[in-house]
Amino acid sequence: MNPQSEENLVLQNTITPFNQSGLTFAVIPDTYLGSLSDLYRYDAIVVRCTSLMLTRQLILSIRSVVRNNVFLKPLYLLSSHNHGTATFSLLIDGVVRDFQDLSTLTRNISSLNDQVSQIRPMIGIEKEKSSLIAFLVFNHSRQIKKMEPVPDRESKMGFYYPILSKIDSIGTGGRSSFDLLDQAEKEGLITGQFSHSGYLCSECLGGFLQYREVCPGCQSSDLRTEELVHHFRCAHVAPKSEFSRSNPSQPLQCPKCHHQLKHIGVDFDKPSSIHHCQQCHGDFQNYWVKAKCLDCGHDQKVEYLVKKIFKEYELTEYGREWIEEGQYFTNQIKNKMVADSMTWDAFVQSVGFHVSEGKRGRNFLVTVSFDNYAEVAGQIGKENELRFLEEIMQMIKASQHTADIRTVKVPHIYFTLFSIEEDEAEAIARRTVFLINHLIRDNLGIGRNVIRYTCEELTHSYLQAWNQALTMTKPEAK
Amino acid sequence: MILEDIYRFWIEAGWEKAVRVFWYFIVFELVRYVVVDYFVVIIHFLDRFINRKKWQMAYQQLHAEQPLISVIVPGKNEGKHLFKLTRSLAEQTYQNFELIVVDDGSDDQTRIIGRDLESIGLIDLFISNDVRGGKASGANIALHFAKGKYIVHFDADCSFDNDAIEKSLLPFYYDPRIAAVGGNLEVRNDRESLATTLQAIEYLKVILVGRMVTSYLNIYRIISGAFGTFRTDVLKRLGGWDIGPGLDGDITVKIRKLGYRVHFEPTANGLTSVPNSFRKLTKQRLRWDKSIIRFRLRKHRDVFYPNAHFRFINMFSSLENIGYNLILNLKWLIYIFDMVINFHHLLMYIIPANILLYTLANYFQFFAIMLIVRNPQDKHRLFWYIPAMVFYTGYYLRIVRFIAHFKELFLRESYKDPWNPLKSSMKAKAMKI
Ligand SMILES: [Zn+2]
Ligand SMILES: [Zn+2]
Ligand SMILES: [Zn+2]
């Protein structure tokens, strides 16, 4: 083998880092078939386009890597064409002609990455849900307000919602992405408006159908259609072909009375037309229209096709909050009280009240954060999540004074250490976190520590800054 | 008092005078409608008895062959009758048939109903024309697509005894010279009004007995389009039906001209609805009677000319028809004039006696009908209406017929008849048929 071509082969299947304006780009040829999970390390992705089909494949693959938020990475196409109408145009952040163009994108990339960094990666969320979340998060991150179905030859129904259907097709246990959207609409995350409707195969819900008229007798589509001719003077009626003519310039001649048919409306007319099946030789006016599914081969009368309404969706206010606050992680325990803890609002009020009272001694706030709460929650299971949090609350409570309070706001847990010295507070915090880590490691078999903590003094200025930060992260609507 | 008067008058007048006064009745009516009827009824029973083996053979042959039959139903705005018709057909003892319905430019729900019935398989072929072409063209379309060995032509508003198709097929196997079979039609809505009751009696007289008579005399002339069965090959050879009205009689004459026999089968029974008021009945009869003139005298005048197609029996058949319908009508007029001019002073004696004679003759004929009708017990009710038949057939129908003949002979009105589309009528008139 020619070493030159071998080298090309290697390059064709390699992610090449490229540094520009302080950013690191991952340059991927569209022939790339390797792992995509490391792409989270780069600031942006550049796909080198040689073939539309391969490019499409690769983009869809990248946009479906949920792990470490790879699917949210800024992604650009390196191509000499515009691709504005390509089915993947909604999935890319832009097209560049050469590497020099990348420098003009630095601001866009930074602001995109800023937004994306606020979105915690999804782990431990069931596949179906994560694909829906990824769909909503992606569109939200790209400020796509109206999520419309896009015509697409590669999608089962002929339409797909970037990026939802792609994720769907790699396996959601047969549940279609459309069901996920219906469900999300029911939950109030999105609202759907009629976009258009179409018909699907009743067997496999495929949207690619071949329509044709068939003989009602033998289902053949080998039909010949002819006009009927009615000769007034003798009342003879027959298909036109049975009225002969000696040469094409001559008028038709009636086979019954042998008169010529010269003048339509005076000598004759054409009352209707009729279809003749060339297979079974049946005659009929009323053919069936059948649709053959190009996916599963099922052939059906159009009356039996499934009518599908495609909607365009918009995120509701609730849906936006749901995404921005990462509430999909906590949905399970959101409305349940964790015993021995306060609600977040009550906790914030109580802390403020206590500090402003100015009692003697110093006050500390310990913030315990899970590195990956979703992973932990996924391991313990939904049913045990509440009990698990309650156990942690009891451990914290055991190391506090009676006046201290606690709250849970996953992936964080906050507790107070009022009227205490700094080194004592630090020691209590460290020991408590050590115990919690121990508990989790023992119970879940996770080999590393899963929580970190900070211990900060609750001064007036700290509370002020804290309150400010809280109001900033709250949605404007509130 | 008056009856006594009349009675005494005729006793005193004697036979010679009675014959002179009632010549019309004795010469035409008595012979034609009473003597012949009984004669034919007797012949019928004898024939069925003597040839019972042959009829049995015909039955076995039909069922051994089980040919496909095409039931064709052309018509305009008949959609409302179609479902009932398919129900009636589903009950038939003979089931190897296809049903072809032609919608002749209907402007109601017919097309939708027909398509529905076609899609669920109750109609085998439904052909819907956007423009009306007339009854003949509708039947011809059906004929063109018919695949059956025999064609059964039905009207959509008729219903049939469940052995009607079978009974109308047997004659073809009984006598291979038979190419067309007419079925019997009775009135379905006979209890609806006086008009329908009188028509019920008339149908029994004219169709059941009348057609048996003409069939035995081999001068049967009209196979009703409401229920007629034909050999498909013969119909196709003739190029199907020609433009109407009177196409039923026309096709029968054409079949006879080819040398085939035309048979009336009294045991093949259908029911039809008739006009329920005298006003509607008059309209219908004017149309029918006009067609007699047109098709007997104009289009098929060649049956009177000695040429290659000439057959004595065809001429006789037409003469009988024309005679009894046209010439007798004129004779009747002459008779009335005769009476009014020569016996005007005796009219008060003649008219009641005339009515009495006719009524007696009608009862006499009604008994003949009772001998052959399929369920006589249903017909007893009609017995009380027989006296009214004198006025119905003797005066009402005669006057209507007279008007029709007059209009058609001198004004050629049937060409203006809305029964045919204008385009066809114009053609026909230009062709002098
Ligand atoms: Zn012609
Ligand atoms: Zn076919
Ligand atoms: Zn399918």
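Which residues coordinate the zinc ion (ligand 1)? The legends below start with that site. The model shown is predicted.

**Figure 1. The zinc ion (ligand 1) and its four donors in chain A.** A:His231 coordinates the zinc ion (ligand 1) through ND1. The donor atoms subtend angles of 103 to 114°, so the arrangement is tetrahedral. Along the chain, the donors follow the spacing H-x2-C-x19-C-x2-C. A:His231 has 2% relative accessibility and is therefore buried. A:Cys234 is buried too, at 5%.

**Figure 2. The zinc ion (ligand 2), held by cysteines of chain A.** The protein donors are the SG atoms of A:Cys215, A:Cys218, A:Cys277 and A:Cys280. They lie 2.2 to 2.4 Å from the zinc ion (ligand 2). The angles among the four donor atoms are 102 to 115°, and the site is tetrahedral. The sequence spacing reads C-x2-C-x58-C-x2-C. A:Cys215 sits in the loop between strand S9 (209-214) and strand S10 (223-231) of chain A, and A:Cys280 in the loop between strand S15 (273-277) and strand S16 (283-284), so the pair ties together parts that are 65 residues apart in sequence. Is A:Cys215 buried or exposed? A:Cys215 is buried, because its relative accessibility is 2%. A:Cys280 is partly exposed, with a relative accessible area of 38%.

**Figure 3. The zinc ion (ligand 3) and its protein donors.** The donors here are A:Cys201, A:Cys204, A:Cys293 and A:Cys296, each through SG. They lie 2.2 to 2.4 Å from the zinc ion (ligand 3). The angles among the four donor atoms span 101 to 114°, and the site is tetrahedral. In sequence the donor residues are spaced C-x2-C-x88-C-x2-C. A:Cys201 has 0% relative accessibility, so this residue counts as buried. A:Cys204 counts as partly exposed, at 22%.

**Figure 4. The largest nonpolar core, with B:Phe230 among the residues with the most contacts inside it.** In soluble globular proteins, nonpolar side chains tend to be buried together. The largest core in this model has 104 residues. Those with the most contacts inside it are B:Val71, B:Phe154, B:Phe230, B:Trp241 and B:Ile255. Helix H8 (residues 194-216) of chain B gives the largest share, ten residues. Which residues does B:Phe230 touch, not counting residues up to four places away in sequence? They include B:Lys149, B:Tyr150, B:Ile151 and B:His153. B:Phe172, B:Ala179, B:Ala180 and B:Ile223 are also among them. A second, separate core has 52 residues. That core includes A:Ile59, A:Ile92, A:Leu164 and A:Trp322.

**Figure 5. The interface of chain A and chain B.** In this view, 25 residues of chain A are in contact with 27 residues of chain B. The two chains bury about 2100 Å² between them. Carbon and sulfur atoms hold 57% of that area. How many salt bridges does the rule find across the interface? The rule finds two. B:Lys147 forms a salt bridge with A:Asp283. Their closest N and O atoms are 3.9 Å apart.

**Figure 6. A:Tyr414 and the residues around it.** A:Tyr414 is found in strand S22 (residues 412-420) of chain A. At 11% relative accessibility, A:Tyr414 counts as buried. A:Leu365 is 49 residues away from A:Tyr414 in sequence, yet their C-alpha atoms are 7.0 Å apart. Leaving aside neighbours within four places in sequence, the contacts of A:Tyr414 include A:Trp344, A:Phe347, A:Leu365, A:Val366 and A:Thr367. A:Ile405, A:Arg406, A:Thr407 and A:Lys409 are also among them.

**Figure 7. B:Thr359 in a helix of chain B.** The helix is H13 (residues 347-372). B:Thr359 is buried, because its relative accessibility is 13%. Leaving aside its neighbours within four places in sequence, B:Thr359 is in contact with B:Ile386, B:Pro387 and B:Val390.

How values were computed. Residues are numbered from 1 along each chain as its sequence is written. Chains are lettered from A and ligands numbered from 1 in the order in which they are written. This is a predicted model: local features need pLDDT of at least 70, side-chain atom pairs count only at pLDDT 80 or more; totals for chains, interfaces and linings use all residues. Side-chain values use heavy atoms; hydrogens and water are left out. Donors are N, O and S atoms within 2.8 Å of the metal (3.2 Å for Na, K and Ca); water is not among the atoms, so sites may look incomplete. Four donors count as tetrahedral if all angles lie between 85 and 135 degrees; four count as square planar and six as octahedral if opposite donors are over 155 degrees apart and all others between 65 and 115; anything else is irregular. Buried means under 20% relative accessible area, exposed over 50%, partly exposed in between (1.4 Å probe, protein chains only). Helices (H or I, at least four residues) and strands (E, at least two) are DSSP runs, numbered from the N terminus. A nonpolar core is a set of buried Ala, Val, Leu, Ile, Met, Phe, Trp, Tyr and Cys residues joined through side-chain atoms within 4.5 Å. Contact means heavy atoms within 4.5 Å. Buried area is the accessible area (1.4 Å probe) that two parts lose on being put together, summed over both. A salt bridge is a side-chain nitrogen of Lys or Arg within 4 Å of a carboxyl oxygen of Asp or Glu.
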